[in-house]
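Thank you for making time for this one. I would like to walk through a single chain with you, so please bring the model up on your screens before I start.

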Amino acid sequence: DYNPGDIFSVGTTTVTYTATDASGNTSTCSFNIIVTENTAPVFSNCVTSDLTVSANAACQAPVTWPEPLATDNCGNVTVTSNHRPGDIFPIGTTQVTYTATDESSNSATCSFNVIVADDTDPTFSNCITSDVIVSSDGACQATASWTGPTATDNCGAVTLTSDHNPGDIFPFGT
């Protein structure tokens, strides 16, 4: 059924030769042709650079991208991913990886990072909006007191620093 130079599909094919003499005696010789497929699938439309987005008020962001496509030279491809377009990502960097596996267990990956940045400034409460005026003592200085402002942020703790604190002693002038 098969001859040298025939084309075989992926998989195992048994080739059998049968020799028959003039008296009808036969003998066979068999061997397998094993065609393996070693070519990994190929991705197209893979995101090639990091995706950076701003966090929303809940310190996260839904992120979308075009899903990559994978093809193979010999059959079907199964594509899996640890994230999908539209997933919600936390602040920071998250790697998104797609894996394409063909019927022969060859695989290829496509990866990129989703970066969710906290771009929202902290907000002050109780910030003094007018000058604090105090009278100097005989040494041309004065102690000034005020209620310090507070600050909050939509994405966590805020470190509040000041170049002066309530109760500090100030020299004459501004």
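Predicted model: local features only at pLDDT ≥ 70, side-chain atom pairs only at ≥ 80, totals over all residues.

Residues are numbered from 1 along each chain as its sequence is written, and side-chain values use heavy atoms, with hydrogens and water left out.

Now to the disulfides, where a disulfide is taken as a pair of cysteine sulfur atoms within 2.5 Å. A search of the whole structure finds 2 of them. One is formed by Cys-46 and Cys-110, with the sulfur atoms 1.6 Å apart, and the torsion about its S-S bond is about 85 degrees, so this disulfide is right-handed. Cys-46 sits in the loop between β3 (42-44) and β4 (51-54), while Cys-110 belongs to strand β10 (residues 107-117), so the pair ties together parts that are 64 residues apart in sequence. As for their surroundings, I use buried for under 20% relative accessible area, exposed for over 50%, and partly exposed in between, with a 1.4 Å probe and protein chains only. On that scale Cys-110 is buried, with a relative accessible area of 3%, and Cys-46 is partly exposed, at 23%.

The disulfide between Cys-59 and Cys-155 has an S to S distance of 2.0 Å, and with -115 degrees about the S-S bond it is left-handed. Here Cys-59 lies in the loop between β4 and β5 and Cys-155 in the loop between β13 (150-152) and β14 (169-171), so the pair ties together parts that are 96 residues apart in sequence. Cys-59 is buried, with a relative accessible area of 16%, whereas Cys-155 is partly exposed, with 22%. Two further cysteines deserve a mention for their accessibility: Cys-29 is partly exposed, at 47% relative accessible area, and Cys-127 also counts as partly exposed, at 45%.

Let me step back to the overall architecture. How many helices and how many strands does the chain have? There are 0 helices and 14 strands, where helices (H or I, at least four residues) and strands (E, at least two) are DSSP runs, numbered from the N terminus. As for dimensions, the C-alpha atoms fill a box of roughly 135 × 25 × 20 Å along the principal axes. The radius of gyration of the chain is 37 Å, whereas a compact globule of 174 residues would have one near 16 Å; the radius is taken over C-alpha atoms, and the globule rule is 2.2 Å times the number of residues to the power 0.38. Of the 174 residues, 17% count as buried.

Among contacts between residues at least 6 apart in sequence, 51% join residues at least 24 apart. Ala-142 and Phe-170 are 28 residues apart in sequence, yet 5.4 Å apart in space, C-alpha to C-alpha. Not counting residues up to four places away in sequence, Ala-142 touches Val-134, Ser-135, Ser-136, Asp-168, Ile-169 and Phe-170, and Ala-142 is buried, with a relative accessible area of 9%.

Turning to strand pairing, two strands pair if DSSP finds at least two bridges between them. Strands β1 (residues 11-20) and β2 (residues 26-35) run antiparallel and are joined by 10 bridges. Thr-20 has Thr-26 in β2 as its bridge partner. This hairpin has 5 residues between its strands, and Gly-24 takes a positive phi near 90 degrees.

Finally, which residue forms a salt bridge with Arg-84? The partner is Glu-67, and the closest N and O atoms are 2.8 Å apart, a salt bridge being a side-chain nitrogen of Lys or Arg within 4 Å of a carboxyl oxygen of Asp or Glu. The pair links distant parts of the chain, 17 residues apart, with Glu-67 in the loop between β5 (60-62) and β6 (69-71) and Arg-84 in the loop between β7 (77-81) and β8 (88-90). Glu-67 is partly exposed, with a relative accessible area of 37%, and Arg-84 is partly exposed too, with 35%.

Notes
Contact = heavy atoms within 4.5 Å.
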